[in-house]
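Please give me a guided tour of this structure.

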Amino acid sequence: MKKLSLLPVSIKRVLQYCDVAYNIDEDFVLIDFDSMPMPEDFRFMRCTFVALCLQGRGSYNVGTLERDVHPNDIIIIPEGQVLGGISITKEFKGLGVFISNEFLFDIISDVHDVTNLFVLAREYPVFTLTLKEVDIFRRYASIIKDKVADKTHIFRRQVTGTLLAAMIYDICNAAKRVMSTPNTDKTKAQEVFEHFIHLVEHNFRTIRNVGWYSEQMDISSKSLLEMVKRVSNRTPNEWLDVYTSLEIRLLLTHTTKSIKEIADELNFGSQSSLGKFFRANVGMSPSAYRQKK
């Protein structure tokens, strides 16, 4: 098995350097940890990674924070994070899923649900599943393996996406149990970040002025920038761009609304201004994106 020695971590790299038996093109990989070389240095994530520890212990760093992993722990590392400092015991076993953002946006049809996963990963990158939840995750993985392996199935990609979406929703549901437990150790920055994201979720379609959000929260724009950046490694403007570009992708993929109708719905001044924004954030025009889908 080749050693993974190149940055960044993308599904293309995973396919190139790991022994992969289950994948959908360069959009999805399901792999056992036994088949994964562990990088020694830091890597920039170009896909979302979800994993379940089944046996043994480990630790890793996301940015400057170290996280410990134990049996029955679920791990979520979204695209854009910097991963490194990985250490695992010899008996470590687990299941890992790599998902491209393109595939993730295809299978989850509501922007709130996609970004909820991102926010969850920031607040609770590792949390423990119940034995029942572990069993459900393993059953999802087993069925997904069967469907991915059946290359004669004409709806192989769609069925895999549906199963994966269901698995993600169950993970988010499990996280709600963890999130409902009061966290007395929250910092001021974490509280500000959560308040900001709550406001963004309800207002980004019409208001994308960071000054408005700082006014609603009764803090300065500078303080908002510093605290949101400290917690999430993204600026407030970047979070607004994430929500808006996700919503445009989902509307292009899952509705028949015209680009002008989408521009009006999301309070862009014109169809061309939406196009300029979309090209800057996605790398292609809205019409090219819709045609691709």
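The model is a predicted one.

**Stop 1: the sheet**

Select the four strands β3, β8, β5 and β6. They form an open sheet in that order, and the pairing is antiparallel. In general, strands of a sheet pair through backbone hydrogen bonds, either parallel or antiparallel.

Which strands stand at the edges? They are β3 (43-44) and β6 (65-69). Each has a single partner strand, so one side of each is left without a neighbour in the sheet.

Now move to β5 and β8. Color residues 58-62 for β5 and residues 82-88 for β8. These two strands run antiparallel to each other, joined over four bridges.

**Stop 2**

Select α6 (residues 188-203) and α9 (residues 236-254). Their axes lie 11 Å apart, and the packing angle is about 35°. The crossing of α6 past α9 is right-handed.

Show side chains at the contact. From α6, display Phe193, Phe196, Ile197, Val200 and Glu201. From α9, display Pro236, Trp239, Leu240 and Tyr243. By class, this contact holds eight nonpolar residues, no polar ones and one charged residue.

**Stop 3: a residue in α5**

Center on Thr160, which sits in helix α5 (residues 156-179). Is Thr160 buried or exposed? Its relative accessible area is 0%, so Thr160 is buried.

Next, show what Thr160 touches. Leaving out residues up to four places away in sequence, the contacts are Ile24, Phe28, Ile144, Lys147 and Val148.

**Stop 4**

Most residues other than glycine have a negative phi. The last two selections depart from that pattern.

Go to Asp25, in the loop between β1 (22-24) and β2 (28-32). Asp25 is not a glycine, yet its phi is positive, about 50°. With a relative accessible area of 52%, Asp25 is exposed.

Finish at Asp218. Look in the loop between α7 (210-217) and α8 (221-232). Phi of Asp218 is near 60°, again a positive value in a residue other than glycine. How accessible is Asp218, and what does it count as? Its relative accessibility is 70%, so Asp218 counts as exposed.

How values were computed
Residues are numbered from 1 along each chain as its sequence is written. This is a predicted model: local features need pLDDT of at least 70, side-chain atom pairs count only at pLDDT 80 or more; totals for chains, interfaces and linings use all residues. Side-chain values use heavy atoms; hydrogens and water are left out. Buried means under 20% relative accessible area, exposed over 50%, partly exposed in between (1.4 Å probe, protein chains only). Two strands pair if DSSP finds at least two bridges between them. Axes are lines fitted to C-alpha atoms, for helices over the stretch in contact, and angles run from 0 to 180 degrees between N-to-C directions. A crossing is left-handed if the near helix is turned anticlockwise from the far one by less than a right angle, and right-handed if clockwise. Contact means heavy atoms within 4.5 Å. Ala, Val, Leu, Ile, Met, Phe, Trp, Tyr, Cys and Pro count as nonpolar, Asp, Glu, Lys and Arg as charged, and the others, Gly among them, as polar.
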